[in-house]
Every structure is written in C-alpha cells, then in structure tokens.
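Good morning, and thank you for coming.

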Amino acid sequence: MSVSNHPKAYTSAALVVAFTAGICLTLGFKDLYPDLQRRYEQRKRTKEAALYGHRESSFLPPVELEDHTKPEPPGPNSSTPPTIQIGIEGLIGHTKLVRIKSLSEATGCEIVAKAELLNGAGNSPKDRVALHMIQVAEKEGLLKPYNGDTIYEGTVGSTGISLAVLARAKGYKCHICMPSDMSMEKVELLHHLGATVERVSPAPITSQDHFVNLARRRAEEHAGKWKDGSKGFFANQFESGANWTAHFETTGPEIFEQTQGDIAAFVSGAGTGGTISGVACYLKQEVGLKDVSIVLADPQGSGLYNKVKFGVMYSSHEREGTRRRQQVDTMVEGIGINRLTNNFEKGVELIDDAIKVTDTQAMRMARWLVEKDGIFIGSSSAVNCVAAVCTALRLKKEGKGGRVVTVLCDSGNRHLSKFWKQIASQGLEEEHGNLGLLELLELES
C-alpha cells in the first residue's frame, strides 16, 4: 500500500519528521547559543564605540587582556643579540637630550640640551667630526692604519682631543698645533693621549705661524721628514666638508627624532661652524621644518654676530679682514671667530638670528647651572645656554613659546685653569641668594 494513496498516513509521517528535526535544531542551538551571544555583544560594543567615541558600554565591564607569557630570560641561549658596541667609536653619537629645569622654569619655555659631553671618545661634539673626517680620509685613500700615517690638525683643544683618542684606536699617530693661551688641562690631556703638541703664539690667519697654517705645513713636510712610506694627513676641520656633514647625518636626525620634530628654535655657537650648519641644513632643508628658528650664540669679540645681523664681519670702526688676532677677545674657548669658514658659509643663509653673549654672562650662567641643576660645563656651553634663555624670552614675547634646543659641548673639567679660575677670582662662586636668573644675566623678561 503506497503512502501517497493514504493522506492521513502521509500527514502523520511528516509530523514525526518535523518534530524530530525540531528537537535536533533546539539541541544544536543550545550548544551554539553562547557563541552567538558573544558575537552579538561584540558587534554591539563596536557600534557603540563608533557612535560615542569608544565609550565603554554601561552594561558590560571592559575586557582587559593579560599577557601571561614569560619574557625570554637573558643568557647565552637567548635569541636577542647582546648590545655591545665595537671599539671606542661605538660610543660616539646617540647622546641624550636633557631638559634644563631651572632655565625652563625661569623663562616659561622648555629649554633642552643635547648632552654632547657624553660622547665617549673626546667627550664633545668634535667626536662626531673627528670620526667622520678619518672615515672619509680612509675611503679616499689618504690614511692607511698601522702604517705610520699621522693626522695633523690645528685646534684650540676639543677636536685635537677627539682626534688623539680616535687616532690611537684606529692605528694612527696624531700631531696637534694649538695656540699657547689655551687651558693647560687640554694640553696635558693631549700629552697623556700620546699626541705630539706644538703650541704657538696667537697670530692672524694671514700669518704662516697661525696654528692652522702650521698644522697644514707640518702635514706637507711629513713624507720628506720621515721617509718611511707613511703619509701626513691634514684634517682641516675649519674647511673640510666632512665636518658639517657629520652633524647633518647624525646630530640633526637625532635631535629631530628625540623631539619628534617639535622644535621652536635651535641655538648653537660656531667655531668651525660645522654644528650649526649641519643641524640647520637637516632641520630646514632635509625635513622641511621651515618655522624652526636657527640662532647663533656668539661670544664677545667674535665677528660672526655682525655677519648674521648686518651681513659683514667687521664693526663700524674697522675694515673687514684687518683685525690682527684670530683668537677673539674673550675667555671663551671653542667658539667665536673673525673669519668665514666653508663650514659656516654652508649654513649661514639658514641662520635667523644671532645673540651676543658677554664673558660675565657666560660665567654667571655656568655658576647658576652648578647651583640650580648640578650641571658643570665649560665656557662654550655656558654661552649656548645664555643664548637659549634669550631665545626663549623672545619666543615668549612673540606669543609663540615652544621648545628651545641647544648644546652642552663639554665638561667644566677642561676649563679649570682659565674659565673656572676666573669665575672664582670674581667672587661668582658665592650663592646668588634671592637673585633670579634674568636679574643675574641682566636680561629683560
């Protein structure tokens, strides 16, 4: 008998099948329900976040994920390579950027300094320059290590110290020519580092006895004097393009990264001009920070202030190029000059302002930083800090504010017999009492 011939039997069979399917569906949905509920709640939270700016639901507690994986322990079996630098040159660069608290509080602007005194070879920004000049000379075949080759340089100290350290580390000899009125700490340190030091009386750059010209001549005489196949290399920090490019390739990018590009002004002195030109070219041309103000910090007696402000190197009572002394009339060492170098000219058009700093202001700033921040610096660093304060005050007056970046060039340890001795002789090591920074420096707020 066929089911199709009996409608009642067909209906009963259909009901049995439907009832059985319903039971199976109900049991399956029961197992599936928690997953559906979780997905529903997740979609609900996503919609609420989109509508209310990621505001959490008032009905569900926030879900926090915890990482219970254990960090990989250090040791010889670790997959992370050890962070070991190779040689003393590995300690050059990547210096810290430090907020100078007392200066920031006194001006109402954040003043930070690139701690170049933490470079590991000669403890100054000249470490970057010395290393880069040697590397370029090696690539060009002008220096060959462990061959008796000698590096000659005319310097007031810091570049010579950096060169002396790196020459020893990389297999060269070092011969330094420097003015006789530089601090004795630098001379003694150079001797201890194994460099030959030739001190000469201060003379204008037009004289063959100027310390830079003497270093060049000594390098030219090297081969004839030693006759052993070794070469003499004149580093020529004042004119070498390896100077400003060292700061363009390292100092500038580091400052940009450390500040995330949030810089209102960069303030620096100039001796060779490499630091201010290299950083200015990077910030303004390479990454396009058109609004950053590049400010020259210049000690008394230097002609660079006039060049930036008025377009000429000389004052109203002297013709350009007639000043007889190369070393400017200041106790500040390392910055300030009365001629244009290739390195300074590279960035001079990018410099927006210049600030003249007196010796007295520099000395008072150096003492202030010891008292208020525990920072012990040399003369050029003190000049930079005075100019940074002046720049911060100008920005505040203009209603701009922002972060001012400057450079701590070297420690006060190299300036004990000259700069810090003068500070002591003038009674500036006494406590300032209630005298504020602006009053101390005789600046207007």
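This is a predicted model: local features need pLDDT of at least 70, side-chain atom pairs count only at pLDDT 80 or more; totals for chains, interfaces and linings use all residues.

K418 forms a salt bridge with E333, and the closest N and O atoms lie 3.4 Å apart. How accessible is E333? E333 has a relative accessibility of 2%, so it counts as buried, the cut-off being under 20%. K418, by contrast, is partly exposed, with a relative accessible area of 24%.

A second bridge joins the side chains of D262 and R403, at 3.5 Å from N to O. This pair also links distant parts of the chain, here 141 residues apart. D262 belongs to the loop between α7 (241-259) and β7 (265-268), whereas R403 lies in strand β10, residues 403-408. R403 is buried, at 18% relative accessible area, while D262 is partly exposed, at 46%.

Which residue forms a salt bridge with K400? The partner is E398, with the closest N and O atoms 3.3 Å apart. K400 counts as exposed at 61% relative accessibility, and E398 as partly exposed at 41%. Both residues belong to a network of salt bridges that also contains K309, D353 and R394. In total, the count comes to 17 salt bridges.

Let me turn to the sheet. Six strands form an open sheet with mixed pairing, in the order β1-β2-β10-β7-β8-β9. Its edge strands are β1 (97-99) and β9 (353-357), each of which pairs on one side only. On average, neighbouring strands are turned by 25° against each other, direction ignored. Within β2, V112 is the bridge partner of R99.

Finally, the nonpolar cores. The largest has 68 residues, and those with the most contacts inside it are I151, L163, L190, F266, L283, L296 and F344. What does I151 touch, leaving aside its neighbours within four places in sequence? Its contacts include I134, L143, L163, A167 and Y172, as well as F233 and A235. A second, separate core has 45 residues, among them V389, W420, I423 and L437.

That concludes the presentation, and I welcome your questions.

Terms used: Residues are numbered from 1 along each chain as its sequence is written. Side-chain values use heavy atoms; hydrogens and water are left out. Two strands pair if DSSP finds at least two bridges between them. Helices (H or I, at least four residues) and strands (E, at least two) are DSSP runs, numbered from the N terminus. Axes are lines fitted to C-alpha atoms, for helices over the stretch in contact, and angles run from 0 to 180 degrees between N-to-C directions. A nonpolar core is a set of buried Ala, Val, Leu, Ile, Met, Phe, Trp, Tyr and Cys residues joined through side-chain atoms within 4.5 Å. Buried means under 20% relative accessible area, exposed over 50%, partly exposed in between (1.4 Å probe, protein chains only). Contact means heavy atoms within 4.5 Å. A salt bridge is a side-chain nitrogen of Lys or Arg within 4 Å of a carboxyl oxygen of Asp or Glu.
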